[in-house]
Amino acid sequence: MLQQIFVEYMKIKIKELVQKKGYSLYRLAKMLDIPQQTVYSWANGRTQPSYENLDRLCEVLDCTVGELLEAEPVQRKLLF
């Protein structure tokens, strides 16, 4: 259950940060030099980034790992 909640938080946060930057998921994949399907899987909650990709993702999205994994603001979105 906790793992599923974590995946939902990350899914929402990735989409939120990508939108804030004005990027598409396709562009994000190109910037990270990884397969497009990988980024789509993260954004849809099917998979999670590796530690290495998590660091790279945060660098591209200009956020910290803590911000990406922060549950409190996202939890409110899930509840409402």
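1. Leu32 touches Val39, Trp42, Arg56, Leu57 and Val60, where contact means heavy atoms within 4.5 Å and residues up to four places away in sequence are not counted. This is a predicted model, in which local features need pLDDT of at least 70 and side-chain atom pairs count only at pLDDT 80 or more, while totals for chains, interfaces and linings use all residues. Residues are numbered from 1 along each chain as its sequence is written, and side-chain values use heavy atoms, with hydrogens and water left out.

2. Leu32 also belongs to the largest nonpolar core, which has 20 residues, and is listed with Leu28, Val39, Leu57, Leu61 and Leu68 as having the most contacts inside it. Such a core is a set of buried Ala, Val, Leu, Ile, Met, Phe, Trp, Tyr and Cys residues joined through side-chain atoms within 4.5 Å, buried being under 20% relative accessible area with a 1.4 Å probe, protein chains only. Two or more residues each come from helices H1 (2–21), H2 (25–32), H3 (36–43) and H4 (51–61), helices being DSSP runs (H or I, at least four residues) numbered from the N terminus. H4 gives the most, with 5 residues.

3. Where H2 meets H4, Leu28, Met31 and Leu32 face Arg56, Leu57, Val60 and Leu61; the residues of this contact divide into 6 nonpolar, no polar and 1 charged.

4. Lys11 lies in helix H1 and, leaving aside neighbours within four places in sequence, is in contact with Trp42, Ala43, Asn44 and Gly45.

Conventions
Buried means under 20% relative accessible area, exposed over 50%, partly exposed in between (1.4 Å probe, protein chains only). Ala, Val, Leu, Ile, Met, Phe, Trp, Tyr, Cys and Pro count as nonpolar, Asp, Glu, Lys and Arg as charged, and the others, Gly among them, as polar.
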